[in-house]
Amino acid sequence: MPGGSVISFNCVDSSLSSLKNCQSYINTGMDIATSVALDLVENCNDVEEVNGMKSVMLEYAAMDRELNHYMQAVQDTVHQIKQDKPEDIPDLKDLVKKKFTTLESKNSDSDLRRNEKFVHFMEQLKRMREQFGLQSTTDANEAIEQIDEDIAVTQSQMNFCCPITQMEMQKPVRNKICGHNYEETAILKIIQHREHQKKKARCPKIGCSHLDVKRSDLEPDEALKRAIESQNKQSRTVQ
């Protein structure tokens, strides 16, 4: 660009990298809050305390949304400058602020409840209560139904055996698409084997029509893991 200013975005890239690190801390915090809430359900089912953890999760979701909006505002601003190639160096801070404000103006409470970690949190709470024979609160049920009807659907009878190994699961994961559980190492081996064959991995649960299981479809099923551990403890006590 003859006579124009050369704009370096190295500093911006470095800042974005730091923000992504902050995002990982938020995710870790949400994982810890989920674990604490499940502990509360398992040990005392204190509704007030569990609702307190729900509020913590929503606060984390709000931080995550704000961080995402800021990173998007920065990325959009950089893209715009690279595309427009202005003669004079623009006020990056002002441009980012305007884009960020626009994004934040569209916020709603429903955004927070659609946060992937919060959805997982609510689902795990419901599954935990069901597996321990506890009554779910009306608010919890309504929140889950608002997120997605499919999230509220759980199996009436839990099977602690992996459909692949036919052994009791030690580290169960749940398929977010079809809802079936597997031992983590077993399903990952199947996916890897099928990838080497350049083929898709179908759900190993008999009767399931899901034909393309991906790693990204799998999530740890902490509620099921705790139910299995609880049953084993009871069995040892009886013996």
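Which residues does asparagine 181 touch, not counting residues up to four places away in sequence? They are Arg127, Pro163, Met169, Val173, Arg174, Asp221 and Leu224, where touching, or contact, means heavy atoms within 4.5 Å.

## Ground rules

Keep in mind that this is a predicted model, where local features need pLDDT of at least 70 and side-chain atom pairs count only at pLDDT 80 or more, while totals for chains, interfaces and linings use all residues. Residues are numbered from 1 along each chain as its sequence is written, and side-chain values use heavy atoms, with hydrogens and water left out.

## The overall layout

The protein chain has eight helices and three strands. Both are DSSP runs numbered from the N terminus: helices are H or I with at least four residues, strands are E with at least two. Reading from the N terminus, the order is α-α-α-α-α-α-β-β-α-β-α.

Of the 239 residues in the protein chain, 36% count as buried. Buried here is under 20% relative accessible area, exposed is over 50%, and partly exposed is in between (1.4 Å probe, protein chains only). Among contacts between residues at least 6 apart in sequence, 67% join residues at least 24 apart.

Two packed helices are described by the angle between their axes and the distance between the axes. Here the axes are lines fitted to C-alpha atoms, for helices over the stretch in contact, and angles run from 0 to 180 degrees between N-to-C directions.

Start with helix H2 (residues 47-84) and helix H5 (residues 116-131): their axes come within 10 Å and cross at roughly 165°. That makes H2 roughly antiparallel to H5; angles under 35 degrees count as roughly parallel, over 145 as roughly antiparallel, 65 to 115 as roughly perpendicular and the rest as oblique. On the H2 side you'll find Val50, Met53, Lys54, Met57 and Leu58, which meet Lys117, Phe118, Phe121, Met122, Leu125 and Arg129 in H5. Sorted by class, the residues of this H2 and H5 contact are eight nonpolar, no polar and three charged. For the classes, Ala, Val, Leu, Ile, Met, Phe, Trp, Tyr, Cys and Pro count as nonpolar, Asp, Glu, Lys and Arg as charged, and the others, Gly among them, as polar.

## H5 against H1

Helix H1 (residues 10-43) also packs with H5: the axes come within 10 Å and cross at roughly 15°. H1 and H5 are therefore roughly parallel to each other. H1 brings Asn27, Met30, Asp31, Ala33, Thr34, Ala37, Leu38, Val41 and Glu42 to the contact, and H5 brings Lys117, Phe118, Phe121, Gln124, Leu125, Met128 and Arg129. The class count for H1 with H5 is nine nonpolar, three polar and four charged residues.

## The nonpolar cores

In soluble globular proteins, nonpolar side chains tend to be buried together. A nonpolar core is a set of buried Ala, Val, Leu, Ile, Met, Phe, Trp, Tyr and Cys residues joined through side-chain atoms within 4.5 Å. The largest one has 32 residues, of which Phe121 and Leu125 touch the most other members. The elements giving it two or more residues are H1, H2, helix H3 (92-104) and H5, and H2 gives the most, with eleven.

Leaving out residues up to four places away in sequence, phenylalanine 121 touches Ala33, Thr34, Ala37, Met53, Lys54 and Met57.

## Around the strands

Back to asparagine 181, which sits in strand E2 (residues 181-183) and is buried, with a relative accessible area of 9%.

Valine 173 belongs to strand E1 and counts as buried at 4% relative accessibility. Valine 173 and glutamate 219 are 46 residues apart in sequence, but 5.3 Å apart in space, C-alpha to C-alpha. With residues up to four places away left out, valine 173 touches His180, Asn181, Tyr182, Glu184, Ile187, Leu218, Glu219, Pro220 and Asp221.

## Two loop residues with positive phi

Most residues other than glycine have a negative phi, and most peptide bonds are trans. Glutamine 166 has a positive phi, near 60°. Glutamine 166 lies in the loop between helix H6 (138-147) and strand E1 (172-175), and counts as exposed at 57% relative accessibility.

Lysine 198 has a positive phi too, about 60°. Lysine 198 is in the loop between helix H7 (184-196) and strand E3 (218-220), and is exposed, with a relative accessible area of 79%.
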